[in-house]
Amino acid sequence: MPSLLKQQDVVGRTVVVFDVLRATTTMAAAFNAGATEIRFFASLDAARLARASYKGQALLVGETQCEKPHDFDLGNSPREFTSMQCKGMTLFMSTTNGTRAMVAARNASRLFAGSTVNASATATAIRKAGLPVTLLCAGTEGEMSLEDLIGCGTVLCRMEHLQLDFENDAAVLAADLALRDPDNELFEMTQAAERLSGVNLDEDTQFASITDRFEDLIIHVTDRDGTLVATSERIDT
């Protein structure tokens, strides 16, 4: 959880941020649709301000309490991010939990966005980095989210041929949950899914539950002159 993050959890380590419902899943959908890069901001106003001063092709995207702000181009539904909308675009993104978790982890040696939809590629990125790993659940309003925990576990399961040394019980629990629920049926029972259902976004939960929908997509995040910027690459998994 970002609120519990300490510098020793970040510095000299690979950090993977999970906000499975929905920010990191939406990031993967955006890159799959041809977005060039995604810039992260801890608040809606910061994203608005940065977008206003940008001269290139760009979209303002994000949400507050599950819904798109009235002046944003797109919300945080991965199903909105089509090639017609995203190809060649720079995205300025702020969400309730996911982008704030990215900002909290900005001092990591390597920083990635992970979810169930790009679990295998994320596992490959972790292996290649060769550093101790922190899997960071964005959570919801300061509380752990079950779907984020399962997302972490799904990535861990994709590293099963490695000798893993779990540093806490949460990692063990995450891997066990993913093994017990390979089709991510538990997603439908989460508080996040209930909130999405309340605003008629049930299909977002279904979208996020498909493991390795984008199995070859790695999302790298770097600090570029004080702004966190995500880019992607396609790999052989």
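How much of the accessible surface of the protein belongs to carbon and sulfur atoms? I looked this up before anything else. The share is 47%, out of an accessible surface of about 10900 Å². I note that the model is predicted.

**Overall build**

I went through the secondary structure next. The protein has nine helices and eight strands. I then checked the extent of the C-alpha atoms. Along the principal axes they fill a box of roughly 50 × 40 × 35 Å.

I turned to burial. Of the 237 residues, 54% count as buried. I also looked up contacts between residues at least 6 apart in sequence. Of these, 74% join residues at least 24 apart.

**Charges**

I counted 21 positive and 33 negative side chains. The centres of the two sets lie 8 Å apart.

How many salt bridges does the structure hold? I found 11. I followed up three of them.

**D45 and R48**

I started in helix α2, which covers residues 44–52. The side chains of D45 and R48 form a salt bridge there, at 2.8 Å from N to O. The two residues are three apart in the helix, so about one helical turn separates them. I checked exposure too. D45 is exposed, with a relative accessible area of 54%. R48 is partly exposed, at 25%.

**R180 and D176**

I moved to helix α7, residues 169–180. R180 and D176 form a salt bridge, with the closest N and O atoms 2.7 Å apart. These residues are four apart in the helix, so about one helical turn lies between them. R180 is exposed at 66% relative accessible area. D176 is partly exposed at 32%.

**E203 and R79**

Which parts does the pair E203 and R79 tie together? I first took the distance. The closest N and O atoms of this salt bridge are 3.9 Å apart. E203 lies in helix α9 (residues 202–208), and R79 lies in the loop between β3 (58–62) and α3 (83–86), so the pair ties together parts that are 124 residues apart in sequence. E203 is partly exposed, at 48% relative accessibility. R79 is partly exposed as well, with a relative accessible area of 34%.

Salt bridges link R22, R79, E203 and D204.

How values were computed
Residues are numbered from 1 along each chain as its sequence is written. This is a predicted model: local features need pLDDT of at least 70, side-chain atom pairs count only at pLDDT 80 or more; totals for chains, interfaces and linings use all residues. Side-chain values use heavy atoms; hydrogens and water are left out. A salt bridge is a side-chain nitrogen of Lys or Arg within 4 Å of a carboxyl oxygen of Asp or Glu. Buried means under 20% relative accessible area, exposed over 50%, partly exposed in between (1.4 Å probe, protein chains only). Contact means heavy atoms within 4.5 Å. Accessible areas come from the Shrake-Rupley method with a 1.4 Å probe; for residues, only the protein chains shown count as cover. Lys and Arg count as positive and Asp and Glu as negative; His and the chain ends are not counted. The place of a charge is taken as NZ of Lys, CZ of Arg, CG of Asp or CD of Glu.
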